[in-house]
Amino acid sequence: MIFYFLKSLTLQEEEIAMAETIFRTADVGGSGKITRADVVLNSVGRFWKADNLITSKPINSVSELIDFTTADMVPGILGVGYSIAGVNDKHNKMIVAPNAHYLEGHKVATLTLAKIGHRYKSSVRNDMETSAGGVHAMRAEAGIPTNAPFLIITIGTGIGAKYALLVDGKLVILDSEVGHMVVSSSPFDPRCGDLAIGHVEGIASGPAIDRMVATYLLFY
Amino acid sequence: MPEGKVPGAYLGECYSAGEEWAVEIYNTVADALARLLNNIRCAYTFKYFVYKGTAGTDMFDRGIGELIRKKVRQMLVNPKWADRSNLKFIETPGPNNLDALVGAAYLLAADLGLL
Ligand SMILES: [Zn+2]
């Protein structure tokens, strides 16, 4: 974290001098493990530092998730934010959670506040939305100019992307399902998880590449 | 494939060693990603293409970005959009999904009207 702390010193001095805000955040990863941190932002929402970065053992229930996420809260924390792959309703209830099916049907933000009290705020966000928000808050670290729009793309178990731009100075993250864009018209292409042929996720995601490697190695 | 190797990692090593089968797979993947990039770029303007994910990061470390650039140049309505000054491949900052942790804080701060 020292590296990021030093990097943030490149921000303008008046930004540093302004008040900071602290949030406890948790990332629900594909491995079943949760990583939490105390993220400090400066008053204009730029990343300042992340303290107490800890990864859990594999977690299997909503109560375990909330217990781990809200443990050892430091003074000054304003709220608890979750980054969870899938679909949520009103930044609260998980509808689809491919990395954590145990969360489906649960109002994660409501349950969190029931545990820690309503003086805090809590919200659940899609993992690509949080990545876009994080890159925006870390433009200095990423080398992206203040107002430049950007595309963030994950190439992992699946393929997802968000387009982020500023409208009247506010970050706007456009919703999309780019993993299911058709990028090939060969009938011999492998099938995507949704069984369609020619989707980019069926060709260029991690599992798709692994399958291609296995197939090629049979012939070479 | 050597025992205990992850297919993606083995692919990367063989690609860097110039093995024909691995180059073919990289070309297939680069072609798919170039088409994706072309499609999105046709709708939205951006210079900064930020990537993350284990599979993607490994391939970008091994230079798939320049393969994608070469291919997307032939697809874009304006080939200049593929110039290095107009299309920059950037790895997302930070380990441990730091971007997601920071973004969860940023979006909550925005919801609270603090930004
Ligand atoms: Zn699909």
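Buried means under 20% relative accessible area, exposed means over 50%, and partly exposed lies in between, with a 1.4 Å probe and protein chains only. This is a predicted model, in which local features need pLDDT of at least 70, side-chain atom pairs count only at pLDDT 80 or more, and totals for chains, interfaces and linings use all residues. Residues are numbered from 1 along each chain as its sequence is written, chains are lettered from A and ligands numbered from 1 in the order in which they are written, and side-chain values use heavy atoms, with hydrogens and water left out.

**Whole complex**

The predictor assigns the complex an ipTM of 0.96 and a pTM of 0.91. Chain B has an average pLDDT of 95, and 100% of its residues score at least 70.

**Chain A**

Eight helices and ten strands make up its secondary structure; helices (H or I, at least four residues) and strands (E, at least two) are DSSP runs, numbered from the N terminus. Along the principal axes, the C-alpha atoms of chain A fill a box of roughly 60 × 40 × 35 Å. Chain A has 220 residues, of which 51% count as buried. Contact means heavy atoms within 4.5 Å. Among contacts in chain A between residues at least 6 apart in sequence, 44% join residues at least 24 apart.

Start with A:K90, in the loop between β5 (87-89) and β6 (93-96) of chain A. A:K90 has a relative accessibility of 71% and so counts as exposed. Its phi is positive, about 50 degrees, although A:K90 is not a glycine. Most residues other than glycine have a negative phi.

With 62% relative accessibility, A:D72 counts as exposed.

**A:T69**

Now select A:T69, in helix α3 (residues 62-69) of chain A. Is A:T69 buried or exposed? A:T69 is buried, at a relative accessible area of 0%. Apart from neighbours within four places in sequence, its contacts are A:R24, A:A26, A:I34, A:R36, A:V80 and A:Y82.

**Zinc site**

Which atoms coordinate the zinc ion? The donors are A:H180 (ND1), A:C192 (SG), A:D194 (OD), A:D194 (OD) and A:H199 (ND1), at 2.0 to 2.8 Å. Donors are N, O and S atoms within 2.8 Å of the metal (3.2 Å for Na, K and Ca); water is not among the atoms, so sites may look incomplete. The spacing of the donor residues in sequence is H-x11-C-x1-D-x4-H. A:H180 and A:H199 both lie in the loop between β10 (170-174) and α7 (200-204) of chain A, so the pair ties together parts that are 19 residues apart in sequence. A:H180 is partly exposed, with a relative accessible area of 30%, whereas A:H199 counts as buried at 10% relative accessibility.

**Helix pair between the chains**

Finally, select helix α5 (residues 127-137) of chain A and helix α5 (residues 98-111) of chain B, which pack at an angle of about 85 degrees with their axes 6 Å apart. Axes are lines fitted to C-alpha atoms, for helices over the stretch in contact, and angles run from 0 to 180 degrees between N-to-C directions. On α5(A) the contact residues include A:G133 and A:H136, and on α5(B) they include B:G103 and B:Y106.

Key:
pLDDT = per-residue confidence, 0-100.
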